[in-house]
Amino acid sequence: MPCYTVTVATGSQWFAGTDDYIYLTLVGTEGCSERTLLDKPLYNDFERGAVDSYDITVGENLGDIELVKIEKKKYWMHDDWYCKYITVKTPSGDYIEFPCFRWVVDDKEIVLRDGRARLPQDDKTRVAKQHRRKELETRQKTYRWKEWHPGFPMSIDAKTHKELPRDIQFDSEKGVDFILNYSKAIENLYVNQFMHMFQSSWGDFSDFERIFVRIKNTISEYVMQHWREDFMFGYQFLNGCNPVMIQKCTQIPEKFPVTHEMVADCLERDLTLEEELKAGNLYIADYEIMEDISPNATDPCTTQYLAAPICLLYKNSQNKILPIAIQLSQNPGEDSPIYLPSDNQHDWLLAKIWVRSSDFHVHQTVTHLLRTHLISEVFGIAMFRQLPAVHPVYKLLLPHIRFTIAINTKAREQLICENGLFDKANGTGGGGHVQLVQRAMKTFTYKSLCFPDAIKARGMESQEEVPYYFYRDDGNRVWEVVKSFVTDVVNIYYASDETVQEDDEIQAFIKDVCSFGMQDFDYCGENKHYTVSKQNTLYDWCSWIPNAPPTMRKPPPTNKGQVDMQFIVESLPDRGRSCWHLGAVWALSQFQENELFLGMYPDEHFFEKQTKKAVETFHQKLSEVSKLIKNRNEGKKLPYYYLSPDRIPNSVAV
């Protein structure tokens, strides 16, 4: 009688094993096996990390094996089980892989197809088409859209992490509990004694070192030592925490009436301001998006303030980017002076601090929360809703949305919700962060997710004009490697544009992203791949609080010559908010336990030789980029490693 050997692999994560009963049925073109209990006498089956084999004898050959059915039944109490894969050895000696990588929960049945990637038009049999349809119908009931706030990208319909489908939950919720992680951070940083000292100002800048000394590293210490210098201020627009605000200045805005006489002492080429402008030596950072955003009013004892500054930057003869003029509002006038390097040192320093504070808010809420977390979630939900597990694009995207929906749900539960941790120390807490996301979405375009296009839109693409823009250079290298890999994989499965058009599942995926996830926002028609990378820079650039104040306790000055050092210190966060901020940047800068970095695919989803070769080539190219970046950084006081592939997480999960 024909005998099939079935090998079952259980996951190695916590609680992956089970004591429940596991049944298996083989479905072939010529018949089905009996529903078989997988159990060995005197053996503990399906332990965490185990690979177990079982023989299934049938009356006659089943033909080509199309499906494998797995059922789990309660033994004593429900015990979830994580199945990695099932391998079937046929009587003829052939091996067929059935990838699973899913949790089997309650008394549920999971039906698996073999690991070959297939487009919908490739399936010809009734069984294959029916399986494909049922899988998507089930997923669409499980992964539902929900509007968290009007004007936001849509999110998953789940109020808490525990309500999420088991397959997208964290392995251990404890590891991503923001409240617990903040508490750990504060304990590790030895700042407990300052935590409740709200309204209590620091004595001077050196006082901040009392909470900084425990977490300083090479870069953060350099920031602490040089943050007041114009060079360091300008450098951060290129390679700091938020290197996406600087853009080529082609015209001095009317709302920012800088004249040649104001900045003549800063210009080095014996040119007028207008001539420097035409020569391409002026850049600008405009925080217009911050105008009229409501400041945090959750603490009646502390009034907090926001600003919408504009900063004019100059590329000097050494190609350094330096600030030459700052206005702290969008409306010029007597009560909104333009601050200059030639002003009183305290006036100039406070103007720069205000820019850094506004930059921090835009980074946290727009660059990080919206453009990294929330946008990635939209693609993840649409993927689960519209692409079955056998679709090549599902296999391609799945590792890159690992835990993204989970971390976002946890953030909505604890971090950015009403009375969440975000309100504790952030000047845009209490609703300002919601307004910022809503405003940013009004000008959001799909094209802005494409890295080279985003760089070009700001006029920052020329290496000759701006030679030390490592964010641009490394980002372009990684983009090209990712683009090459995606192109290789897509070309394996799509022979032509017509093949794409005939793929109704990929069309439904794009429609779900645009019409539902993004709620029909403009410019969503382009069918390109995209990448979003999380820059884990908070720890380095924001731990020295005067360089990235999370809130300001005095309004922007309306006249020059009235600021002293005491005024500046009293403008900065108090002791309590400083410690909350420090705990936040420490916690949010930590990689996940067992973090997977770009190109790391421990779960094998592709089985075609061509695709495996593409993955291997991808690894090689990523390694070359990592080595290039490592060599460039050697001996540098300020190394730039954030976009080195071996430091880019595979997915947004921090």
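I began with strand β15 (residues 321-327), which two bridges join to β16 in an antiparallel run; strands here are DSSP runs of E of at least two residues, helices are runs of H or I of at least four residues, and both are numbered from the N terminus. Two strands pair if DSSP finds at least two bridges between them. Looking across to β16, I noted that Q327 stands opposite I338.

This is a predicted model, in which local features need pLDDT of at least 70 and side-chain atom pairs count only at pLDDT 80 or more, while totals for chains, interfaces and linings use all residues. Residues are numbered from 1 along each chain as its sequence is written, and side-chain values use heavy atoms, with hydrogens and water left out.

I then followed the sheet, which is open, has five strands in the order β12-β13-β14-β15-β16, and is paired antiparallel. β12 (247-248) and β16 (338-339) each have a single partner strand and stand at the edges, so one side of each has no neighbour in the sheet.

For the whole protein I counted 20 helices and 16 strands. The radius of gyration, taken over C-alpha atoms, is 28 Å, close to the 26 Å from the globule rule (2.2 Å times the number of residues to the power 0.38) for 654 residues, so the protein is as compact as a globular protein of that length.

Finally I looked up burial: 57% of the 654 residues are buried, meaning under 20% relative accessible area with a 1.4 Å probe, protein chains only.

How values were computed
Buried means under 20% relative accessible area, exposed over 50%, partly exposed in between (1.4 Å probe, protein chains only).
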